[in-house]
Amino acid sequence: MEFLSYLISGISLGSVYAIIALGYTMVYGIAKMLNFAHGDVIMVGGYISFCAMSYLELPGWLSVVLAMAVCTVLGVVIEGLAYKPLRQATSLAVLITAIGVSYFLQNAAQLIWGASPKGYTPLVPALNAKGEPNALQLFDGQLSIPYLSLLIMAVCIIVMVALTFFTGQTKLGKAMRACSEDKGAAQLMGINVNRTISVTFAIGSALAAVAGVLLCSFTTSLMPTTGSMPGIKAFTAAVFGGIGSIPGAFLGGILLGIIESLAKAYISTQLANAILFAVLIIVLLVRPSGLLGKYVPEKV
Amino acid sequence: MKKLIGRIKGLKKTTKVDFATYLGVILAFVLFTVLRDRGLLNRSITGMLVPICAYIVMAVSLNLTVGILGELSLGHAGFMSVGAFSGVIAAQSLQAAVPSAPVRLAIAILVGALFAAVAGTIVGVPVLRLQGDYLAIVTLAFGEIIKELINCLLVGCDSRGLHIAFNITGNLTINDIGMEPGGMAIIKGAQGATGTTTIASFTAGFILIMLTLVIVLNLVRSRAGRAIMALRDNRIAAESVGINITKYKLMAFITSAALAGGAGALYGLNYSNLSASKFSFDTSILVLVYVVLGGLGRMWGSIIAAAVLYILPEALREFADYRMLVYAIVLILVMLATNNDQLKALAGRIIPKRKGVSSNG
Amino acid sequence: MAEKKVFEKGKMVPVPSVSIIPERDLGKSPILECSHLGIDFGGLTAVNEFNITVGRTEIAGLIGPNGAGKTTVFNLLTKVYQPTRGTILLDGLDTHGKTPAQINRMGIARTFQNIRLFNNLSVEDNVKIGLHNQEKYSMVSGILRLPKYWRQEKAAHERALELLSIFDMQHMANYQAGSLPYGAQRRLEIVRALATNPSLLLLDEPAAGMNPSETAELMENIVKIRDMFQIAIMLIEHDMSLVMGICEGICVLNFGQIIAKGTAEEIQSNPTVIEAYLGKQQ
């Protein structure tokens with residue numbers, strides 16, 4: 001039972017990683033860039049939702065919508081100002097620019113909201129009005145699954161299904177896949193590549209806002225560097241699953257969450273991240289393109 | 001004199017660039033030493049001299065991996081960390097045996113380089129068959145692993161020698177490693193190295209930079225360096241002319257790691273307290289920024305970028321709270337200005353374009 | 001020629017003899033012998049039953065329609081792909097399990113259909129990289145610039161200019177390889193391959209993108225290289241004037257199978273070849 005509860009907590013943490021990783025993977029797939037600022041968009045989403053709830057006293061769900069709206073705009077603006085002028089530049093140049101954007105967001109957040117952590121009220125409080133744990137009790141109370149975990153998992157599955165449908169069935173989704181295969185050819189087929197990339201950033205950033213709210217609900221605190229470590233882990237999750245692949249990001253995120261949770265519980269809290277990254281290295285050595293990634297050899 | 005000028009003109013362009021690099025470093029060293037001795041440098045700049053040297057070595061060594069070998073490494077601070085802590089352990093435990101501080105520092109830097117080279121081999125052998133972003137992510141993971149491992153490390157030294165314990169559960173303290181009462185604690189887990197005798201000096205930093213330059217520049221201009229650049233430019237063609245890919249990838253990667261280890265030892269012995277969190281992912285990224293802004297494969301560029309960007313936040317002090325924000329904006333603007341074709345064309349109209357072959361180095 | 005026995009995966013198999021070896025090479029053992037060579041990609045057989053023998057100083061041509069598997073044969077010979085079946089003997093030595101780099105050191109050098117130069121390096125450095133395995137000084141001698149370094153670098157420099165002079169390119173030594181015009185890039189690739197001191201040179205469409213006069217010059221140079229270095233050259237080419245002009249033995253490939261082998265006249269009058277190129281006559 002203990003194991004099951006660790007597993008569930010791992011899956012829900014992994015679901016948050018998965019949502020972040022989806023943003024990473026979509027942007028990588030289409031723009032072939034590692035958007036290091038993605039983690040900081042998460043943090044901005046968290047702060048927007050925090051402000052909406054604490055200062056404007058809006059209900060939780062509305063704060064999520066507001067955070068998504070702000071982050072979408074932010075994502076598109078970042079893409080337009082910082083990344084679009086570098087479309088023809090080397091991937092390293094874009095990477096460094098993304099790092100610059102990440103510094104910018106972190107320091108701007110620090111100026112606006114201060115460096116000290118803010119307490120974040122979770123979307124689903126840990127305790128209900130009667131002071132009992134807000135959780136689903138199973139097996140006579142031996143296994144308790146917080147409603148928050150259930151919410152996170154549900155959101156993750158909805159996002160995953162919606163994205164799969166979007167990229168597979170809609171016209172815009174097909175345009176995205178075309179751009180990720182070959183931008184030049186896509187352009188010749190009448191696809192507006194720049195607009196498609198902007199839309200990808202918009203979707204990725206909206207997802208980052210959702211992830212930010214869920215992440216802050218999970219950790220109940222918020223500071224300017226909140227997004228960094230989950231961002232890095234989600235990026236590893238995306239690579240773990242095979243970067244550019246949507247099911248890969250989902251699988252990678254969940255697995256990473258489970259490994260982290262179990263390592264913390266059974267091996268060492270201190271070394272949880274080390275174990276996580278060691279597993280990643282081993283997986284990449286066995287499958288050099290990640291779990292679901294395709295290996296494309298260079299044609300001679 | 002005319003003959004000398006004629007000879008200099010007759011040299012290859014790469015040779016001239018190399019000599020100018022050495023000369024620039026020497027001049028800068030003399031200038032800063034004189035300024036410091038005359039008391040013309042403020043305290044914060046004086047305090048930055050050794051770390052600047054360490055970061056210059058970091059940038060040049062990372063440029064070997066990223067610019068010459070062409071592989072993105074996001075864990076260079078990991079090697080610096082290995083070098084720093086092994087160097088600190090060496091220097092601290094040899095205090096009695098080697099009384100001379102400069103000799104001890106040299107030994108510490110060698111030990112740091114050696115341990116970092118071992119770490120580089122351990123990471124490099126399995127990992128270098130990965131490519132591109134996958135290699136990058138593994139180096140990132142390695143850096144994080146090193147950080148957490150060192151956070152668990154307890155090291156002390158007494159008359160019987162070194163005592164090392166590994167604090168996996170988080171329950172041990174420095175008192176649990178079986179030292180004699182008079183023993184000296186060197187590394188205290190998450191607190192890092194404490195009570196280190198600071199023996200690093202600007203002169204040592206200068207010598208390390210010069211050594212690094214000799215190693216990297218001469219390597220690049222040799223048979224091995226050409227092989228490394230060949231596999232950067234075209235792996236398949238390099239194989240087709242009989243170049244052993246794994247050997248040269250490893251050679252570049254391990255050399256780069258060893259130099260980072262040396263830089264780490266210098267850096268570590270400049271502070272009496274040093275925790276492993278100093279060598280996080282952010283540090284790796286910082287060095288990568290130096291390399292990219294200085295120009296891939298251009299060693300003098302790395303030196304200037306490391307020095308300028310290390311001082312920049314200090315120079316931006318008048319912006320107070322806004323300085324890191326300004327730093328970020330400067331970084332983005334520089335990247336846009338140097339990499340956007342339209343902006344480059346604009347700059348090209350103002351500054352006449354250089355002619356001839358672009359050189360590496 | 002009589003059938004010869006070679007060792008292949010534990011059993012003796014006969015090598016079918018090919019009579020395209022020029023007379024002057026007949027007394028010597030061949031440089032290349034392929035028997036039953038084949039490769040499958042997934043379920044698709046890209047090359048099958050590829051049997052060929054190339055003489056010591058022969059210029060051999062490999063022709064065929066697009067997609068016939070010509071470049072795949074080169075990739076098999078240089079072990080860019082590991083063959084699914086068959087053996088390749090280079091100068092009598094089995095090349096089984098060797099890497100592309102080892103194959104080069106055994107004596108096969110090649111050029112590529114889509115030019116693969118070291119674009120950011122100078123022309124001279126490109127050639128010097130070809131000389132890599134003939135220079136012997138270690139990494140440490142290089143860093144410390146020991147006398148060995150200076151001696152061998154000087155020799156390499158001279159040798160590189162000498163090799164470049166085959167194509168009259170010595171004045172381009174300091175140019176950046178990637179900035180050379182197309183034809184010069186093709187020639188530089190040949191020089192780089194020659195620098196590795198091969199006994200068999202594989203040229204993948206050396207005349208692609210060249211105008212007729214450049215092609216004529218290239219033909220002369222290929223023969224010149226063979227005469228100078230006394231090596232075998234095998235080339236893939238679509239320009240029939242070049243193939244028919246200088247190749248002593250020609251092998252025609254279609255759908256991964258050899259459909260004809262012989263001299264230029266024999267190939268030109270072969271009905272199967274005409275059919276492969278022009279389609280069946282009504």
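**Sheet, helix packing and chain contacts in a predicted model**

In chain B of this predicted model, strand β1 (residues 153-158) pairs with β3(B) in the antiparallel sense, over four bridges. Within this pairing, G156(B) has A185(B) of β3(B) as its bridge partner. The sheet to which these strands belong is open and consists of three strands, in the order β2-β1-β3 (chain B), with antiparallel pairing. Because β2 (161-166) and β3 (184-188) of chain B each have a single partner strand, they stand at the edges, and one side of each is left without a neighbour in the sheet. From one strand to the next, the twist averages 15°. Helix α4 (residues 76-93) of chain B packs on this sheet and touches β1, β2 and β3 of chain B. The direction of α4(B) makes about 175° with that of β3(B).

A helix pair was also examined in chain B. Helix α3 (residues 43-69) of chain B packs with α7(B) at an angle of about 10°, and the two axes are 8 Å apart. Angles under 35 degrees count as roughly parallel, and α3(B) and α7(B) are therefore roughly parallel to each other. On the side of α3(B), the contact is made by L49(B), V50(B), C53(B), A54(B), I56(B), V57(B), V60(B), S61(B), L64(B) and I68(B). From α7(B) come F202(B), G205(B), F206(B), L208(B), I209(B), T212(B), L213(B), V216(B) and V220(B). By class, the contact of α3(B) with α7(B) comprises 16 nonpolar and three polar residues, with no charged residues.

Helix α7(B) also takes part in a contact with another chain. Between chains B and C, 25 residues from chain B and 32 residues from chain C are involved. On the side of chain B that touches chain C, two or more residues are given by each of α7 (202-220), α8 (223-233), α9 (235-240) and α10 (245-268) of chain B. Of these elements, α8(B) gives the most, with seven residues. The side of chain B that touches chain C divides into 13 nonpolar, eight polar and four charged residues.

Chain B is in contact with chain A as well, through 36 residues of chain B and 37 residues of chain A. The elements α4 (91-113), α9 (228-241) and α11 (272-286) of chain A each give two or more residues to the side of chain A that touches chain B. The largest share of that side comes from α4(A), which supplies twelve residues. The side of chain A that touches chain B has 27 nonpolar residues, nine polar and one charged.

Confidence was examined for chain A. The pLDDT of chain A averages 87, and 97% of the residues score at least 70. Among the elements of chain A, helix α3 (residues 60-83) has the highest mean pLDDT (93), whereas strand β2 (residues 135-138) has the lowest (73). Where pLDDT is low, the predicted coordinates should not be read in detail.

Chain C is divided by the domain assignment into domain 1 (1-107 + 200-222 + 234-282) and domain 2 (116-197). Contact between the two involves nine residues of domain 1 of chain C and ten residues of domain 2 of chain C. On the side of domain 1 of chain C that touches domain 2 of chain C, at least two residues each are supplied by α2 (100-106), β9 (200-204) and α7 (212-229) of chain C. The residues of this side of domain 1 of chain C are four nonpolar, three polar and two charged.

Definitions and conventions
Residues are numbered from 1 along each chain as its sequence is written. Chains are lettered from A and ligands numbered from 1 in the order in which they are written. This is a predicted model: local features need pLDDT of at least 70, side-chain atom pairs count only at pLDDT 80 or more; totals for chains, interfaces and linings use all residues. Two residues are in contact if their C-beta atoms, placed from the backbone, lie within 7 Å. Ala, Val, Leu, Ile, Met, Phe, Trp, Tyr, Cys and Pro count as nonpolar, Asp, Glu, Lys and Arg as charged, and the others, Gly among them, as polar. pLDDT is the predictor's confidence in each residue, from 0 to 100. Two strands pair if DSSP finds at least two bridges between them. Axes are lines fitted to C-alpha atoms, for helices over the stretch in contact, and angles run from 0 to 180 degrees between N-to-C directions. Domain bounds come from an automatic or database domain assignment. Angles under 35 degrees count as roughly parallel, over 145 as roughly antiparallel, 65 to 115 as roughly perpendicular and the rest as oblique.
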